[in-house]
Amino acid sequence: MTRQESQKPKKVNSLEKRDMGLIEGVNKDSLDDNHDQDEHSESSESHEAVDESNSSEDEVAPRNTIGDVPLEWYKDEKHIGYDITGKKIKKKERQDKLDSFLASADDSKNWRKIYDEYNDEEVELTKEETKLIRRLLKGKAPHAEFDPYADYVDWFKWDDAIHPLSNAPEPKRRFIPSKWESKKVVQYVRAIRKGWIKFDKPKEEPPFYLLWGDDSSSADRTKHLAYIPPPKPKLPGHEESYNPSLEYIPTQEEINSYQLMYEEDRPKFIPKRFTSLRSIPAYENAVKDSFERCLDLYLCPRVRKKRINIDPESLKPKLPSRKDLRPYPLTCYLEYKGHDDAVLSISVEPSGQWIASGSKDGTVRIWEVETGRCLKVWEIGEAVQHVAWNPLQELPILAVSAGPDVLILNTGFGNEEQQRKIKELLHIGTTTSSNDSDDLSDYLSWLQDEKHDCIRLRHYRLITCSYSRVFLNLLTRESRAILIHQLSKKLTQRLPFKLYGLAVTSVFHPTRSIFFVATKKNVRVYDLLKQKLIKKLETQLREVSSIAVHPAGDNVIVGSKEGKLCWFDMDLSSKPYKTLKCHPKDITNVAFHRSYPLFASCSDDCTAYVFHGMVYADLNQNPLIVPLEILRGHKSSDGRGVLDCKFHPRQPWLFTAGADSSIKLFCH
C-alpha cells in the first residue's frame, strides 16, 4: 500500500455503519493490536502476483436448500427448511437474552460470531474474513493484492497502422434525439392517462389489527359478497366481575323489586361477590345463553345495507333564477270588497277591463279592474256557483250558474249595434226545449226571464259551466249528462259518449273542436266533430277537482283534492309528466295565462301558488316548470280558503277569490 493511501482521512459512510452494526461487539483492542501486522503484510503482498482459485471445492454449500423462499413462511413451523438429503432442519431453541449476554462476556471469540438466520446457526469469522470486513470499513478494496493505481496496458498494436478502424463519418442520428423513441413515449403517456396501462399498487398490510373490531372491515371478508358478519356479543363489564365494587351489587330491596317487573324488563344478570375464583359456582344459564347465541347466528336474518354518501343539494334540479323569469305576480295591489259571503267564482272579461264575481250571498257583481269600483249587481236569490264571460268581445254577455238554473245575462257594455245583437240573441219568442225530442225535454227547458231580461236554462242540478266561442257547456249530476247549448239557434244536444264515473268538470279546447271531461280518477279527451274518444289521461290521483288547458292546447294541468298538481304533455304520454305536491289542503282551481308562460293553483290553505311553465316548439325538449311565488292574504272561513283564481288576459296579474268575501288582485 502506498504512503498516500495510508495518509488519507478515514471517512465513515453508510456502508461502514451497516457493516459496523453487523459485527457489533467486536473487540476494538484486538483490532488495534493486529493493525500494524496487517499493514505490514498487506504492503508486502501488494506487489506479489497471487492467482485466485476458481475451484468449487473452496466454497461451502449452504445447509438449507429452500432457495429464495422467504423465511417468513416458516415462522409458524417447527423447522426452517430442508437439507440436501430432504430432511427437515429443525429450529434450535433460542437462548434467553440474559444467558446470551453472559455467554458473550465469558467467550473471548464472541466478537467473531454472527448468527446465520438462513441456516439457523452461529458462524465464526476467520482471520481472512475479518481482514476483508476491516478493509471494507476503511473504504478500501477487499483484497490486498488489488492495485487501484496499476499502469495502463495498451492491448492494441499500432505498428504500421495508417488508418483508423473505421473511416466512415459519424451519422446524424447520433447527434439528434430519436423520433421513434419520442413517439413510443407519447404512446405510453397516452395509455397511462386513459387507463390502458395500470400499475399495481403495493399491498399495504397493517402491522396491527383491532382485536375486538368488526370482521366486516377486514379485506378477506369483503371479497365474498355472500358473507355477512354476525353481530358481536356484548362485552362483559364491571358488574360481571367475580369481585365487583359495592356500587354494582344490588340490595335485597332492589332484588325484590325485580320480581315485580315484567320478564322482558327484568335484568338478565344480577351481580354477586366472591372472595376468590375457587368459590365461583358454575354458571346456571351457560347452556341457555349458548343456545340463544346459536339462534342469533343461524336463524336471525341479516341484510347488508350499503349507504351512499350523497350531497342532498346535488339531487336538486338546476332551475333558472327567479329574477330571469320576471314578470309574474308578487304583491297584492288591489282588493275588491262588496260581497257579504264567500266568493265562489270569478271570471275576467276578454279585454281585461272588467271582472265578474259570483258569491254565496246570491249576488253577481261586475267590477272595474283598475279602480275596483262595482258597476252592476244582480240579485239572483241563490248561491252563485259559477260565472263565465263570453270569449267574444263583440258580445259581452255573462253566463251564471245558480242552483238548477243557468242565466245568460246582458251586461250592458258595448255600443248600440252590439246591444241590438245581444237583445236579439237573448230573446225567446216561445218556450222551447231542445232540438232532440228524446229525453232532454224532461229535464231541460229554455225560458225567458222577465226580471233580469235574460235567458234562463232550467236543469235538475248543475255542476259547472264553461264557454267556447259558439257553445256553452253544462254538467248535470243526477243524470250524469253533459249538455252543449248553441245560443244562436237556441239548441241543446247531449254529448254522445258514455261517461265512466261521475263527471267533475269539463272544458273546451282553446282552438280546436276538442272537449275535455274530468271524472274523479281520469280525464277523457273527445273529438266533437268525429264523435270519438281521442285519449284517456290517467291522473293517478285520489279525486280530481279542477282542470285547465294550455293556450297551445297540447298540455293540461289537473288539480286534486289531496293537494297535488299534475302536468300532462298530451304528445308525450297519457301519464303525468310532473306531479307537484304543493298544497297541504284541497286544490280548488287551476289556471293558465293566455300569453305569458305562467300557471297558478289555489287551495283551501289560503294560498295561491304561481309557477313558470314554458312550453317549447321543439318536441324533443320537455316543458320547463319552475315554482315562483306563494301568494298569501286571504283568511280562512268555515274551513275554506281561496276558492277561485284567474289570470288577467293581457297583464301578468292574478285574481283570487276567497271565502272571506273578498277578491284580491296580485301584480308584478
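A charge sits over a ring if NZ of Lys or CZ of Arg is within 6 Å of the ring centre and within 35 degrees of the ring normal. This is a predicted model, where local features need pLDDT of at least 70, side-chain atom pairs count only at pLDDT 80 or more, and totals for chains, interfaces and linings use all residues. Residues are numbered from 1 along each chain as its sequence is written, and side-chain values use heavy atoms, with hydrogens and water left out.

**View A. Lys-578 over Tyr-577.** Here the charged end of Lys-578 sits over the Tyr-577 ring, 5.6 Å from its centre.

**View B. Trp-389 and Phe-413, a stacked pair.** Rings of Phe, Tyr and Trp (its six-membered ring) pair if their centres lie within 6.5 Å; planes under 30 degrees apart count as stacked, over 60 as edge-to-face and the rest as tilted. The structure holds 10 aromatic pairs. In this one, Trp-389 and Phe-413 are 6.4 Å apart centre to centre, with 20 degrees between the planes. Both Trp-389 and Phe-413 are buried (under 20% relative accessible area; exposed is over 50%, partly exposed in between; 1.4 Å probe, protein chains only). Look for Lys-376 too: it lies over the face of Phe-413, at 5.9 Å from the ring centre.

**View D. Ile-197 in its loop.** You'll find Ile-197 in the loop between α7 (179–193) and α8 (219–222); helices (H or I, at least four residues) and strands (E, at least two) are DSSP runs, numbered from the N terminus. Ile-197 is partly exposed, with a relative accessible area of 32%.
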